[in-house]
Amino acid sequence: MDPLQIIVVLFALFAWSRAILRLRDHKISVGEFVFWTVIWATVITTAWLPQTANVISHGFGVSRPIDLAVYVSILLMFYLIFRVYVQQEQLQQETTKLVREIAMRFPKHK
Amino acid sequence: MKKDAFIVIAAYNEEHAVPKVVAELHKAGYQQVIVVDDGSKDNTFPAAVNAGATVLQHVINRGQGAALKTGIDYAHEQGAEIIVTFDADGQHRVQDLQAIIKPVAEGTADVTFGSRFLGKESRIPLLRKVLLKGSIFVLWLFYGVRMTDAHNGFRALSRYAAQKIRITADRMAHASEFVEEVHRRQLKFQEVPVIIRYTEETLKRGHGSLAEAFRILYTMIMKKFLLR
């Protein structure tokens with residue numbers, strides 16, 4: 001086994017342990033925990049047994065695993081950008097609501 | 001009619017223009033003037049208070065759409081029967097108020113929009129004219145509403161319309177949102193000929209610039225396709 005493989009597996013295990021802790025503190029939901037578990041399990045499997053990556057990518061009809069990784073990352077990034085956009089829009093609206101509340105509470109006349 | 005109308009003005013860094021506009025409105029008999037100071041960096045707030053308006057202050061700048069909504073909500077809370085949105089920088093003429101309020105006061109419309117393209121002469125700069133025609137097309141494309149003008153900010157709402165219309169766009173896209181809401185809530189609307197005064201001051205501010213037009217379009221697309 002390459003040193004790189006060991007590092008990747010150790011890192012993934014460490015990251016997964018963080019996810020367990022966050023779940024225990026109720027900082028993330030069960031759904032989010034499952035999501036991260038799938039992500040890190042995939043990382044560990046492909047790092048430990050690189051040939052599984054071939055099986056997975058062939059399953060998706062993509063010849064090279066690296067191509068599949070790129071496709072999935074792009075999709076994931078678009079989704080995350082969209083989520084950030086929605087969240088920041090909500091934040092903007094909440095800020096406006098707060099500013100409006102303050103303004104309406106203290107009208108000033110001469 | 002004048003007694004029932006609340007005039008809502010959103011002002012950002014308009015310390016010189018606001019007192020003049022408020023004084024003109026008072027002189028014409030409109031006593032209920034609400035100025036929303038949208039987090040101005042200059043003395044708009046004290047200037048508007050001294051001019052005799054009711055002034056609400058946004059502690060930070062939230063944009064014209066947000067400021068107008070604050071003023072409309074407040075006017076509604078105060079029992080306004082008719083709410084007019086009016087510009088702070090002297091683009092709108094007090095003489096046109098009567099015409100824009102009339103259909104709402106008589107109940108023939110829930111909302112009236114001022115239009116620069118209905119007869120009266122407004123001397124509109126060419127680039128702006130192209131952008132305006134473009135936005136009219138976009139309004140038709142997005143909401144199926146045929147307007148002769150858009151984005152001039154001069155409108156009157158009935159109490160009922162003010163209650164129904166929900167403005168969520170904080171910045172300039174609120175003008176299109178008004179049209180969208182009128183369409184969505186199936187409110188009766190009318191366009192009224194008005195004259196918009198283009199002064200050097202208003203042109204310098206760059207309202208109606210190409211960049212702004214694209215920002216509005218972007219917000220409209222995001223709202224229509226992603227946030228609904």
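In this predicted model, B:Ile83 stands opposite B:Leu157 in strand S6 of chain B. B:Ile82 also has a bridge partner in S6(B), namely B:Ser158. These residues belong to the pairing of strand S4 (residues 82-87) with strand S6 (residues 155-158) of chain B, two strands that run antiparallel and are joined by four bridges.

S4(B) also pairs with S1(B), and here the two strands run parallel, with six bridges between them. One of the residues involved is B:Ala10, whose bridge partner in S4(B) is B:Asp87.

Is S4(B) enclosed by the rest of the structure or open to the outside? Six of its six residues are buried, so S4(B) is largely enclosed by the rest of the structure. The burial applies to both faces of the strand. On one side lie B:Ile82, B:Val84 and B:Phe86, and on the other lie B:Ile83, B:Thr85 and B:Asp87; all of them are buried.

The next step is the sheet as a whole. Seven strands of chain B form an open sheet in the order S3-S2-S1-S4-S6-S5-S7, and the pairing is mixed. At the edges are strand S3 (54-58) and strand S7 (189-193) of chain B, each of which pairs on one side only. From one strand to the next, the twist averages 20°. Helix H1 (residues 17-27) of chain B packs on this sheet, where it touches strand S1 (5-11), strand S2 (32-38) and S4 of chain B. The direction of H1(B) makes about 165° with that of S2(B).

Another strand of the sheet is S5 of chain B (residues 111-115), and B:Thr112 is found in it. Is B:Thr112 buried or exposed? Its relative accessible area is 0%, and a residue counts as buried under 20%, so B:Thr112 is buried. Apart from its neighbours within four places in sequence, B:Thr112 is in contact with B:Ile100, B:Pro103, B:Val104, B:Phe154, B:Arg155, B:Ala156, B:Gln190 and B:Val192. With B:Ile100 there is a polar contact: the backbone oxygen of B:Ile100 lies 2.7 Å from a polar atom of the side chain of B:Thr112. B:Arg171 is 59 residues away from B:Thr112 in sequence, and the C-alpha atoms of the two are 21 Å apart in space.

What remains is the empty space. Rolling a probe the size of a water molecule over the atoms shows where such space is left. A search of the whole structure finds two cavities of 30 Å³ or more, and the largest cavity holds about 80 Å³ of space. Among the residues that line the largest cavity are B:Phe113, B:Gly114, B:Phe154 and B:Arg155. S5 and helix H7 (174-184) of chain B each supply at least two residues of this lining.

The largest pocket has a volume of about 770 Å³. How many residues line the largest pocket? There are 30, and B:Gly63, B:Gln64, B:Asp170, B:Arg171 and B:Met172 lie nearest its centre. Two or more lining residues come from each of these elements: helix H4 (65-105) of chain A, and S1, helix H3 (64-77) and helix H9 (210-225) of chain B. H9(B) gives the largest share of the lining, six residues.

How values were computed:
Residues are numbered from 1 along each chain as its sequence is written. Chains are lettered from A and ligands numbered from 1 in the order in which they are written. This is a predicted model: local features need pLDDT of at least 70, side-chain atom pairs count only at pLDDT 80 or more; totals for chains, interfaces and linings use all residues. Side-chain values use heavy atoms; hydrogens and water are left out. Buried means under 20% relative accessible area, exposed over 50%, partly exposed in between (1.4 Å probe, protein chains only). Contact means heavy atoms within 4.5 Å. A polar contact is a pair of N or O atoms within 3.5 Å; within protein, one must be able to donate a hydrogen and the other to accept it, and residues adjacent in sequence count only if both atoms are side-chain atoms. Two strands pair if DSSP finds at least two bridges between them. Axes are lines fitted to C-alpha atoms, for helices over the stretch in contact, and angles run from 0 to 180 degrees between N-to-C directions. On a 1 Å grid over the protein atoms alone, a cavity is a set of points where a 1.4 Å probe fits but cannot get out, and a pocket is an open set with protein on both sides within 12 Å along at least five of seven lines; lining residues have an atom within 4 Å of a point. Grid points are joined across faces, edges and corners, and a volume is the space filled by probe spheres set on the points.
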